[in-house]
Amino acid sequence: MIYGLVSDIHGNLESLETVLAALPRIDGLLCLGDIVGYGPDPAACLERLREQPGLLAVVGNHDLAACGRYDQDWFNPYAREAIIWTAEQLSAEQKQYLASLPMTLEVAGATLVHGSLPEPMDYITGPREALGCFDALSDSLCFVGHTHVAELYRLRRHTRFCDQVSLWSGGRVVLDPDLRYIINVGAVGQPRDGNPDASFGVWDTEARVVEVTRVAYDIAAVQRKMRAARLPGYLVQRLADGR
Ligand code: ZN
């Protein structure tokens, strides 16, 4: 099976369309959460994603916050402002859909979760947090998003040697059976690893290969929409900065 992997779309329709067009022929699309929040097209992104054949998605903290299921005190003032705006753009049915998404999923021997394990909304920002996630992980492969940083963590079986590899310019990962992996496929809609290009992954389960690709999209068009919607200027600027 060949799966597309997307995360942190964040209401950015231009980057989502660019990624969908760049995907090869896939058997299903796996989404690691945060479909909405920050960007100017939350409802359109949600509908576009739901149209995708074989879609499997886990929920993100912004998805939950937009439907009133996550405490907004966890967010910085810019994110909170965008969440309040996002909630106004979504229908009751769309919020119900977001609220119905699971925290974790198991697909073809891999675990899907927005942030980490055992707490789905924790952040993995270094080997220490990654080890905690490996300890709670029963599979040898875990896909995450949440930090908007494309990277991977590798752990040699039966050891505590965990290393961190950046995928900020993309990369092809051949999965070694002696290693366990946590792979962050980066953000479709708001990259923060210094590369403003949209990020996505493709996982070939038979070849045991995960490929992360970066693709440029029309950032200026999204920024115009964000300004028109009076979304916070800081969020508008960070799309271009990739931080
Ligand atoms: Zn996010």
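How are the donor residues of the zinc ion spaced in sequence? That was my starting point today, with a predicted model on the screen. I read the pattern off as D-x1-H-x23-D-x113-H.

**Entry 1: the zinc site.** The zinc ion is held by Asp-8 through OD, His-10 through NE2, Asp-34 through OD and His-148 through NE2. The distances run from 2.1 to 2.4 Å.

I also wanted to know where the two Asp donors sit. Asp-8 is in the loop between β1 (2-6) and α1 (13-22), while Asp-34 is in the loop between β2 (28-31) and α2 (42-50), so this pair ties together parts that are 26 residues apart in sequence. I checked burial as well: Asp-8 is buried, and Asp-34 is too.

**Entry 2: the angles.** Why is the arrangement around the zinc ion irregular? I found that the four donor atoms subtend angles of 87 to 175°.

Entry 3: Then I traced an open sheet of six strands. I wrote down its order as β3-β2-β1-β11-β12-β9, and the pairing is mixed. At the edges I found β3 (55-57) and β9 (171-174); each has a single partner strand, so one side of each has no neighbour in the sheet. From one strand to the next, the twist averages 20°.

Entry 4: I picked β9 and followed its pairing with β12 (residues 209-215), which is antiparallel and covers four bridges. Arg-172 has Glu-211 in β12 as its bridge partner.

How values were computed. Residues are numbered from 1 along each chain as its sequence is written. This is a predicted model: local features need pLDDT of at least 70, side-chain atom pairs count only at pLDDT 80 or more; totals for chains, interfaces and linings use all residues. Side-chain values use heavy atoms; hydrogens and water are left out. Donors are N, O and S atoms within 2.8 Å of the metal (3.2 Å for Na, K and Ca); water is not among the atoms, so sites may look incomplete. Four donors count as tetrahedral if all angles lie between 85 and 135 degrees; four count as square planar and six as octahedral if opposite donors are over 155 degrees apart and all others between 65 and 115; anything else is irregular. Buried means under 20% relative accessible area, exposed over 50%, partly exposed in between (1.4 Å probe, protein chains only). Two strands pair if DSSP finds at least two bridges between them. Axes are lines fitted to C-alpha atoms, for helices over the stretch in contact, and angles run from 0 to 180 degrees between N-to-C directions.
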